[in-house]
Amino acid sequence: MIAAGVVITPVLLSPFPGFEAPLSTVVEARDGSLLGARIADDGQWRFPGFEQVPEKFEKALLTFEDRYFYIHPGINPVAIFRAMIQNIRAGEIVSGGSTITMQVARISGGYRQRTYPGKIIEMLSALKMELFRSKKSILKTYSANAPFGGNIVGLEAATWRYLGKSSADITWAEAAALAVLPNSPALVFPGKNQEILKTRRNDLLRKLFERKFLDSITLILALDEPLPGEPKPLPAKAPHLTDYFYKYNKGEMILSTIDPVIQERAVEIVNACQKDLSGNFINNSACIIIKVETGEVLAYIGNSITDDAEEHGGDVDIIRSLRSTGSILKPVLFAGMQQSGDLLPDMLVPDVPSRFPGFSPKNFDLSYSGAVPASYALSQSLNIPAVRMLQKYTPEKLLDMFQNVGFTTFNKPAGHYGLSLILGGGETSLWELTGVYASLSRVLNRYNKEMKYSAGDYHPPLIVLNNGTIPEEAEDTDPPLNASSIWLTYEALKKVNRPEGEAGWQYFSSSPNLAWKTGTSFGFRDAWAVGTTPEYVIGVWAGNADGEGRPGLTGIAAAAPILFELVNIMKPAEWFIEPAGELTMIKTCSLSGFRAGPDCPETQEIPACINGLRSESCPWHKIIHLDKTGTMRVNADCVPPAAIRNEVWFVLPPVMEYFYRQKHPDYRVLPPYAPGCASDKSIPVMEFIYPASGIKIFIPRDQTGQPTRIIAEVAHRNPSRMIYWHLDEEYKGTTQFTHQIEILANAGNHVITVVDEEGNSIKCAFSITGRAD
Ligand SMILES: [Zn+2]
């Protein structure tokens, strides 16, 4: 009893090996291949998460170091006795007779001096370890922590640094070379002392052959294999993603969702396209590819890699950076308005000069079309119709919608953004943007498959494999955007194939099965392009990481070419299925796109959201009264009823008409009234283009004493009519054809009155004021 206690007590009191050293951060692709790694804080390459000791390495290691590993209790008395003889002969410690278990104890103790007391502590620790740990676990601890020369610790770091591959894939020759290394890493540092290493490796291979672990052919081939050379740089296939995990998951082994093949192709594409961009001093680009079904990120290129990336902010991870959105969020407004019934897909939306306090949106080409179908306005990314649409929908509702579909970055009150919200007044990241598109596509796909909504379908992208938000299966009765609104929006985005003001767009029309949208932020600072198919979402950003704007830095010119190169590697085949069960057929006016009114001459049935049934009916087809010849307007007061011909006429409001007819030569202007027939006041003949009634014109405070010059403008259905202008009842001038006049006015309230030669008059009240503080 006492004798047993004498042995067991020191064993139990001896230190238990622990490994507290910091670990490298390692990021793997979804197949387990290495994307990149960051060195541990102590400057060592020590990989975390080592799980499996490869069989070849185990056989080689035990044959070389510790043949009786599975038999001995942690110490091998025979080996110790042999070592003592050797040491006595040499007069110093030349051999430790160490087992693998003792070596684990020694490594964990920080490589104590080779002294006899140190040796005894190692032995006691080894015995203790054997009591509490399995042989496999001890072997794993050894393999994960053994020194492999230089700052390389552990087998996995060693195979990656010396062989450029995972330990799971090593050959017999490689296993043998690595098995002899920890024994004397300084002596046989790969790349140096090659002869000694070769001799030891080959001796070991022959022993393995003698023990029948490998056959003679394998031996011959193995002896012929080259030795591991100098340490190789680790792969850097997704450096910005590796940085991301280094920041948030330091010291962990991350199995990411990245598809290594897609990642590699995407890197090639981004870097090749970056060369073209660099010619125009656009120094950075980024892309992300997401699988719709799961939201898994398949490719993550946080920034292009160029020779001079360092001086151009190449280390900035653009995917996570907040950038002005430009037009890239217009589809969300379009979808929201379809769902709410504020808009039908082809409803005409005003495209006329529009000024709001502190904000006057312009289309990219600075032109006005008078009125355009909403779907066309979306596919052409016209700014004025978008702002007019938002005015109807309200920034408050759109902001709610942004938050409900998954944007977290629009966190200021609606008043902060105002109507500019739809033109890039807010910021988001490529990460959130593509996450939202993937959510929308997922919602549409699920509806088509299961005729229902799931609460978990709106979620951010997933980047860690099998470790993200598991989509809840709870049914969602009130999805932020339903399948029909999303489908109608994608149908409109599918037609994005004629970017305005850009050459070379034909190149883009070869991908019909893609819903895509570009965006350009104010000042040409951010170029966006995002596209979705039923399977994938691809998002691209181009610009300068430091925010410098460049002429030509537009979504179409800079980002879309990268998008389409990426689309080519993803090979979209299918298009989204129409959610027929949810869409409703609505009879619309062919010309105005509104719900057909009683007088609309041509109508069609179109698929729309159910709330579209409540949308406004066509306001522009009217019955007008003409004389027998059809060239003059009349009414019952001036001609007998039998002499009146009724006809349906398409009549836009004067300002819309003014611009619309310039692009639509077939637009028929209302005929003039027959002499003596009073005009019908229900159809206005004039309308102010500027100023709009009720607006406040701000001028700098220090100029409030000076009169302000404004250019007032009126649209008349018949521009040849004379128009007489009055400011505050004082006559100011007469115009014909071009109804524009310069007006000088002091701060205060004013009224402009214009009268045409037929006595029609309109008024506009406005005020000029110092800038509010
Ligand atoms: Zn109509």
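C600 and H621 are both buried. The model described here is predicted.

The two residues belong to a metal site. Four side chains, those of C589, C600, C618 and H621, coordinate the zinc ion at 2.1 to 2.3 Å. The angles among the four donor atoms run from 101 to 120°, and the site is tetrahedral. Along the sequence, the donor residues follow the spacing C-x10-C-x17-C-x2-H. C600 sits in the loop between β15 (584-589) and β16 (603-608), while H621 is in strand β17 (residues 621-626), so this pair ties together parts 21 residues apart in sequence.

| Donor residue | Donor atom |
|---|---|
| C589 | SG |
| C600 | SG |
| C618 | SG |
| H621 | ND1 |

Another part of the model holds a sheet. Strands of a sheet pair through backbone hydrogen bonds, in either a parallel or an antiparallel way. Here three strands form an open sheet with mixed pairing, in the order β2-β1-β5. β2 (34-38) and β5 (253-255) stand at the edges with a single partner strand each, so one side of each has no neighbour in the sheet. On average, neighbouring strands of this sheet are turned by 15° against each other, direction ignored.

Strand β1 (residues 25-28) pairs with β2 in the antiparallel sense, over four bridges. In this pairing, T25 stands opposite R38 in β2.

Definitions and conventions. Residues are numbered from 1 along each chain as its sequence is written. This is a predicted model: local features need pLDDT of at least 70, side-chain atom pairs count only at pLDDT 80 or more; totals for chains, interfaces and linings use all residues. Side-chain values use heavy atoms; hydrogens and water are left out. Two strands pair if DSSP finds at least two bridges between them. Helices (H or I, at least four residues) and strands (E, at least two) are DSSP runs, numbered from the N terminus. Axes are lines fitted to C-alpha atoms, for helices over the stretch in contact, and angles run from 0 to 180 degrees between N-to-C directions. Donors are N, O and S atoms within 2.8 Å of the metal (3.2 Å for Na, K and Ca); water is not among the atoms, so sites may look incomplete. Four donors count as tetrahedral if all angles lie between 85 and 135 degrees; four count as square planar and six as octahedral if opposite donors are over 155 degrees apart and all others between 65 and 115; anything else is irregular. Buried means under 20% relative accessible area, exposed over 50%, partly exposed in between (1.4 Å probe, protein chains only).
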